[in-house]
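Subject: Handing over the structure

Hi,

Here is the structure I promised to pass on to you. Please have a look at it first, and then read my notes below.

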Amino acid sequence: MAEIEVVTDGGSARRDVEEEGDQRRQGGGGPAAGEPDPVVDVYSAAAYGDLERLRGFVERGGAAALREPDGNGYHALQWAALNNYPHVALYLIEHGADVNATDHAGQTALHWAAVRGSTSVSDVLMEHGARVEAADVNGYRAVHVAAQYGQTSFLHHIISKYGADFDALDNDGRSALHWAAYKGNADTIRLLLFMDANQVRQDKNGCTPLHWAAIRGNLEVCTVLVHAGTKEELTLNDSGGLTPVQLAAEKGHRHLSNILSNAIKVSFEDKFFPGRSRKIGYAPFLFAYLVICLILFLNSIVFAPNFSRITATAGLWSWAAVSLFFASQVQFYRVSRKNPGYIKANTKRLDSKEPLMEIDLTNSSWTGNWSQLCPTCKIIRPMRSKHCPTCKHCVEQFDHHCPWISNCVGKVRCRYVFLC
Ligand SMILES: [Zn+2]
């Protein structure tokens, strides 16, 4: 295969900074005995959220430092954004800090806010003219950084409130979805797919998000992508001519490659009954088998010429068995046809061609869990429900899809299955 360059998150410089930031934060309550005071200038005061001392530095003539970067090239506003201190960010902006100032990597304070998902700081920045689409030297925007770090709430916030473009591409042609797939952030992927992010876009290496997820061998991410997608991205080749299945196999993720290749297989049902909303499963075969058993039973025992010679008790049992058979067949039919508790898909949303920028989080089902989003049905599903890829519906209190009854076992089904 063509050499796929190992993706770095482009934030190696920031990673060091973060560690430093973490150290600064850990000492937030003031220096431990015997340790030097970490708050020595406007940058460290901003990093620690120490507004009192920041004010002191500025009043003693340090205001010019708010417009200049520190020795490592980072701005005080970036430190406040990274550690989520909105009041400090506001003070810095009001005293001359530039909201769109960039460090040597071209990152703004908004990029740093995205690292830790500092939504309140992002509000302060945006209200003071920050550019939501500002890109760094790698072409990463705030949406990319949020996807890299799995900051799903932050991502939703900047998309819904400030209209950030979630399908924007970096210099290598990768979208936020590529990054979330590569980093294994399944909830971020659910959000992006829910909002109709492009799932089949190929980057400069010809890789779709599914290629990247397959390289990393992340089962949950691949499952979310496959369930929400068409079969198209399963068969796309990267620049080295490999499909996601082949990449997963090449990287030694055997279980994953089996799952992906099963997803590609066009089953008998898809071939002969295209467009069926639910699969046939084994139910008709099981039914036919039971009917054959009954015919054999009737033919060779009940209607056999010597049946009249067997005792009345045995005869009674035989007919009781036949009656029971019919009763269970009726129950079997009901179990396989009855609605197991399907949740209605948002058809209005599914038919709409416009990209979705907002999710109604005032919905009564919403409990703050991003895994409640169903990218296929476009609904916020209640807790304990799940999307069944076979039935192509979300099912309330989903237990499993039973191939023998060709139906889901969910809220409504449980007691019927028990009766059957
Ligand atoms: Zn669903």
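**What covers helix H11**

The buried residues of H11 are covered by parts that include helices H8 (142–148), H9 (152–162), H10 (176–183) and H13 (219–228), together with strands E2 (373–374) and E3 (379–380); contact here means heavy atoms within 4.5 Å. Helices (H or I, at least four residues) and strands (E, at least two) are DSSP runs, numbered from the N terminus.

A word on the basis: this is a predicted model, in which local features need pLDDT of at least 70 and side-chain atom pairs count only at pLDDT 80 or more, while totals for chains, interfaces and linings use all residues. Residues are numbered from 1 along each chain as its sequence is written, and side-chain values use heavy atoms, with hydrogens and water left out.

Helix H11 (residues 186–194) is mostly covered, with 8 of its 9 residues buried. Buried means under 20% relative accessible area, exposed over 50%, and partly exposed in between (1.4 Å probe, protein chains only). Among the buried ones are Arg190 and Phe194. Lys378 lies over the face of Phe194, 5.9 Å from the ring centre; for such a charge, NZ of Lys or CZ of Arg must be within 6 Å of the ring centre and within 35 degrees of the ring normal. Just after H11, Asp196 has a positive phi of about 70°.

**Aromatic pairs**

Rings of Phe, Tyr and Trp (its six-membered ring) pair if their centres lie within 6.5 Å; planes under 30 degrees apart count as stacked, over 60 as edge-to-face and the rest as tilted. By this rule there are 8 aromatic pairs. Trp79 and Trp112 make an edge-to-face pair, 5.3 Å centre to centre with 90° between the planes. Trp79 belongs to helix H4 (residues 76–82) and Trp112 to helix H6 (residues 109–116), so their pair ties together parts 33 residues apart in sequence. Both of these Trp residues are buried.

Trp179 and Tyr182 are also paired edge-to-face, at 6.2 Å centre to centre and 85° between the planes. They are 3 residues apart in helix H10, which means about one helical turn separates them. Tyr140, Trp179, Tyr182 and Trp212 form one aromatic cluster, and the charged end of Arg216 sits over the ring of Tyr182, 4.5 Å from its centre.

**One more residue**

Ser257 is in helix H16 (residues 254–264) and counts as buried because its relative accessibility is 8%. Beyond its neighbours within four places in sequence, Ser257 contacts Val245, Ala248 and Ala249.

Best wishes
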